[in-house]
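Subject: Structure handover

Hello,

Here is the structure you asked to take over. Please open it first, then read the notes below.

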Amino acid sequence: MSINVLDGNRFAEMILLGANHLSANSKYVDALNVFPVPDGDTGTNMNLSMSSGAKEVRNNTQGHIGKVGTALSKGLLMGARGNSGVILSQLFRGFARNIEQKSEINGKDFAAALEAGVETAYKAVMKPVEGTILTVAKDSAKKAVQVAKKQSDLIVIMEEVVKEAKASLNRTPDLLPVLKEVGVVDSGGQGLVFVYEGFLAQLKGESLPENPIAQVKMEELVSAEHHKSVQSHIQTEDIEFGYCTEFMVKLDSEKHPFSEETFRQDLSQHGDSLLVIADETLVKVHIHAEHPGEVLSYGQQYGSLVNMKIENMREQHTAIVGDHHSEAPAPVAKKEKAEYGIVTVSMGSGIAELFRSIGAHAVIEGGQTMNPSTEDIVSAIKQVNAKKVIVLPNNKNIIMAAEQAAEVADEEVIVIPSKTVPQGMSAMLAFNPSAELADNKEAMTEALSHVKTGQITFAVRDTSIDGLSIEKDDFMGIFDGKIVVKDKDKVKAAQELLTAMIDEDAEILTILKGEDATQDEVAALTEFIESKFPDIEIETHNGEQPLYAFIFAIE
């Protein structure tokens, strides 16, 4: 059997099988993370991102491969989580743009689209690192182009793509020394291999081992719980546009000439979260509006309405947050936008409250084990209702999703690349509400370098890294991203870490107590610091963060 032409329906099946295969193996991908900390989430992030893309494809499957690609790109973009998820979304964003005008593609088209995806992904990363998912994508796309020059069968091309992707994956430890030191391949690259294996299996008509029922249920629970935590920071009465409105228009050019730009511009005046996807005969619309009837009436000018769906988001919100009032609140007047809004990400109720106390307008719960998606961050940006918005990710794995959210948000948004909670707090204190956005960006970014971050957590597996032999359940001290100490005793590990962090310039130590630490342990640390470093001023807060018994900030 050979396949020389790929249409939208078959490509949709490839996507769904690729997503399922990644989902079934996401825990394995998580286990490949280099650091043995309990927040290895590359597989989780890629799985949730790809699942979002697959869901959009499932709802928009059709014969036109360009439209299926557009649906995949849209779903991935809004569902992207963490660096791995964002890069995955960019790979298929470039792929989709390359084929968007095509109803079907051949082998050369497929190879060119893979290469276009790689180009888009590399551009999206400020400092691309070889030995990662980027390298695996690049090498396999290059192989596809080479094979497609002589071979038209998509099965053969995809076989070579998978073969080269695996070979490239096996070479990642040679390009990234830390992978070789720990003895693993790149986790993001492995996730991409699983996706490509799913593509190939569909083309060949083969099945792949998977565990969809357990995985889907787990994903639903995780997604629902995270969704609830995000929604809990929004008051029902603050929802400005209360109805999620979706519909499609079968265009009638005789009834009204259609311009996508004019159509989108006119609809934007009726609400927010607007998404318009159009081809020659059909327009799909998603918008949050206060008066959905007006939106539908406008759309009807261009043709007949199909697949209409209107949901009361105020009712949905009260159900999510546990408010059982039977009556939906009355529509509220549109609030005037504030000059500035600050969105920050935190883990732990105590840290969230601390951020609010120093000026954060919206706090997204997330970080180590659940990176917020692009859509979560966009929602928070809208929630603060400000002309200029500053986003503090406070985690290196959230920065790319935040930057992607800034690109798609309607507001003027900047991202301060804070990698830790202490950095985020330092940046917050440098914020000047009277300054211009560019000046605040400069000052807040500069403030990141004025604080040192330390973390105490536990090892989830045996490993050897940075010259340390670490056993499962050891407590590890991480200093600005590098594991510097380990000990069987939590307090001793914390004491060694603080000794490594504190120098003659240190003035203030802030201790954020996690949910796994006790007051006696805090007291022991305080006594240790006061006796060894008597000139250091100590501040202690109950951060309630999970997984990290202590977070230290030294200024």
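Start with the aromatic cluster. Phe11, Phe92, Phe95, Phe110, Tyr196 and Phe199 form one aromatic cluster. Rings of Phe, Tyr and Trp (its six-membered ring) pair if their centres lie within 6.5 Å; planes under 30 degrees apart count as stacked, over 60 as edge-to-face and the rest as tilted.

Some ground rules. This is a predicted model, in which local features need pLDDT of at least 70 and side-chain atom pairs count only at pLDDT 80 or more, while totals for chains, interfaces and linings use all residues. Residues are numbered from 1 along each chain as its sequence is written, and side-chain values use heavy atoms, with hydrogens and water left out.

**Aromatic pairs**

The whole structure holds 14 aromatic pairs. One of them is Phe11 with Phe95: the ring centres are 5.5 Å apart and the planes lie at 15 degrees, so this pair is stacked. Phe11 sits in helix H1 (residues 8–24) and Phe95 in helix H5 (residues 82–99), so the pair ties together parts 84 residues apart in sequence. Helices here are DSSP runs of H or I with at least four residues, strands are runs of E with at least two, and both are numbered from the N terminus.

Buried means under 20% relative accessible area, exposed over 50%, and partly exposed in between (1.4 Å probe, protein chains only).

Phe11 also pairs with Phe199. Their ring centres are 6.4 Å apart and the planes lie at 65 degrees, so this pair is edge-to-face. Phe199 belongs to helix H10 (residues 187–204), and the pair links parts of the chain 188 residues apart. Phe199 is buried too, at 1%.

**Helix packing**

H10 also packs against helix H7 (residues 133–148). The angle is about 40 degrees and the axes are 7 Å apart. Axes are lines fitted to C-alpha atoms, for helices over the stretch in contact, and angles run from 0 to 180 degrees between N-to-C directions. That makes H7 oblique to H10; angles under 35 degrees count as roughly parallel, over 145 as roughly antiparallel, 65 to 115 as roughly perpendicular and the rest as oblique. On the H7 side, Ile133, Val136, Ala137 and Ser140 meet Gly188, Gly189, Leu192, Val193 and Tyr196 in H10.

**The six-stranded sheet**

Six strands form an open sheet of mixed pairing, in the order S15-S14-S11-S18-S16-S17. Two strands pair if DSSP finds at least two bridges between them. Strand S15 (482–487) and strand S17 (537–542) are the edges, each pairing on one side only. The twist averages 20 degrees from one strand to the next.

Strand S11 (residues 452–458) and strand S18 (residues 550–554) run antiparallel, joined by five bridges. Thr453 stands opposite Ala553 in S18. Helix H18 (residues 421–429) packs on the sheet, touching S11, strand S16 (508–513) and S18. The direction of H18 makes about 40 degrees with that of S18.

S16 and S17 run parallel, with six bridges. Leu512 has His541 in S17 as its bridge partner. Five of the six residues in S16 are buried.

**Overall figures**

The protein has 21 helices and 18 strands. Buried residues make up 54% of its 555 residues.

Best regards

Key: Contact = heavy atoms within 4.5 Å.
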